[in-house]
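Open the model in a viewer and keep the sequence at hand. The stops below say what to select and what is there.

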Amino acid sequence: MASNTAVLPQQLTWEQAIARLQGDDLQDRYYAAWYLGTVRDPRGVEPLLLALQDERDRTALGGYPLRRNAAKALGQIGDARAVPGLIEALTCTDFHVREEAAYALAQLGDKRAVDPLLALLQSREQEQPWEALIEALGQLQATEAEAAIRPFLNHPSERVRSAAAWVLYRFTQAEELTQILVALLAHSNSSLRQAALFDLAESGWVAGAPLLATADVALNLRINALKRLFDVALQLGWVPLAQVTAVILPQLEKLF
């Protein structure tokens, strides 16, 4: 029973959450970091930055569970004060800390992250969270990363190829890139189909809306993906609003 308390959605005051984060119980600290991310209170930034350097919560394999949750929470809070600490976290020996830091930097949308993310993508010293790095550079509209991302179209991981395809489509609008996403949307593995669904939405390829509507994934995921495609298309502004509406809304209406 005690092992479950770390993930229960227990309500805390901000003061209680900070006290737990700074306490000695590792499960309480892990839960408090997650909780501070869910409430998105900017007062949590400084305590979470300290947690991002924590040495006490370490697994036998060298992982840093508290640091992972702290990085994720800092991304959810979205305060620019976290950028230097998250960039520093990209050097952590824990693969998953680097992964969460990359996703958090993408959420923060701060261009200071581009050079460190690109340097890590080009690193060959150790295995890196390629998918997270590529997606973060895509969310940051870091077109200078195009040449570094392009080789990942041939990566053995379908998830990495999919991430490279949607990001490069955003950078170039080259139609051949959409075919990588279309092929993965028909993959026999349901998890890969779901990933391709949202990668296609992130690409901003408006013409792909009918494929999202008819993909072999759960109805709620198709609806969410179409909504995301609508938002991304408006954000990117390549296609006139009237055309975006004319293509995507009929597909949404079919699903209700």
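Helices, here runs of at least four residues, and strands, runs of at least two, are taken from DSSP and numbered from the N terminus. The model is predicted, and local features are described only where pLDDT is at least 70.

**Stop 1: G62**

Select G62, in the loop between α3 and α4. Is G62 buried or exposed? G62 is buried because its relative accessible area is 18%, under the 20% cut-off.

**Stop 2: P65**

Go on to P65, in helix α4. With a relative accessibility of 15%, P65 counts as buried. Leaving aside neighbours within four places in sequence, show the residues in contact with P65: Y30, D57, R58 and T59. For a distance across the model, pick the C-alpha atoms of P65 and F198, which are separated by 27 Å. Along the chain, P65 and F198 are 133 residues apart.

**Stop 3: L48**

Helix α3 holds L48. What is the relative accessibility of L48? The value is 0%, so L48 counts as buried. Residues up to four places away in sequence are not counted in the next selection, which shows what L48 touches: L21, A33, L36, A70, A73, L74 and I77. Then draw the C-alpha to C-alpha distance from L48 to G85, which is 9.7 Å for two residues 37 apart in sequence.

**Stop 4: D79**

Select D79 in the loop between α4 (65-77) and α5 (83-89). D79 has 18% relative accessibility and therefore counts as buried.

**Stop 5**

Most residues other than glycine have a negative phi.

- R40 is in the loop between α2 (26-39) and α3 (45-51). Its phi is near 55°, a positive value in a residue other than glycine. R40 is exposed, because its relative accessible area is 53%, over the 50% cut-off.
- Q141 is in the loop between α8 and α9 (146-149). The phi of Q141 is also positive, near 55°. At 29% relative accessibility, Q141 counts as partly exposed.

**Stop 5: the nonpolar core**

Next, turn to the largest nonpolar core, which has 89 residues. Which residues have the most contacts inside this core? They are L86, L117, L121 and I149. The largest share of the core, 9 residues, comes from α10. Centre the view on L117 and show what it touches, not counting residues up to four places away in sequence: L90, A102, L105, L133, A136, L137 and L140.

**Stop 6: the largest pocket**

Switch to a surface view for the largest pocket, which has about 360 Å³ of space. Its lining is made of 14 residues, and those nearest the centre of the pocket are Y103, E135, Q139, D199 and E202. Elements giving two or more residues to this lining are α6 (95-108), α8 (130-139), α10 and α12. Which element supplies the largest share of the lining of the largest pocket? That share, 6 residues, comes from α12. By class, the lining of the pocket has 5 nonpolar, 4 polar and 5 charged residues.

**Stop 7: the cavity**

Finish inside the protein. The structure holds 1 cavity of 30 Å³ or more, and about 30 Å³ of space lies in the largest cavity. To find the cavity, select its lining: E158, R159, S162, L184, L192, A195 and A196. Both α10 (158-172) and α12 (190-203) supply at least two residues of this lining. The lining of the cavity divides into 4 nonpolar, 1 polar and 2 charged residues. Helices α10 and α12 also give two or more residues each to the lining of the largest pocket.

Methods: Residues are numbered from 1 along each chain as its sequence is written. This is a predicted model: local features need pLDDT of at least 70, side-chain atom pairs count only at pLDDT 80 or more; totals for chains, interfaces and linings use all residues. Side-chain values use heavy atoms; hydrogens and water are left out. On a 1 Å grid over the protein atoms alone, a cavity is a set of points where a 1.4 Å probe fits but cannot get out, and a pocket is an open set with protein on both sides within 12 Å along at least five of seven lines; lining residues have an atom within 4 Å of a point. Grid points are joined across faces, edges and corners, and a volume is the space filled by probe spheres set on the points. Ala, Val, Leu, Ile, Met, Phe, Trp, Tyr, Cys and Pro count as nonpolar, Asp, Glu, Lys and Arg as charged, and the others, Gly among them, as polar. Buried means under 20% relative accessible area, exposed over 50%, partly exposed in between (1.4 Å probe, protein chains only). A nonpolar core is a set of buried Ala, Val, Leu, Ile, Met, Phe, Trp, Tyr and Cys residues joined through side-chain atoms within 4.5 Å. Contact means heavy atoms within 4.5 Å.
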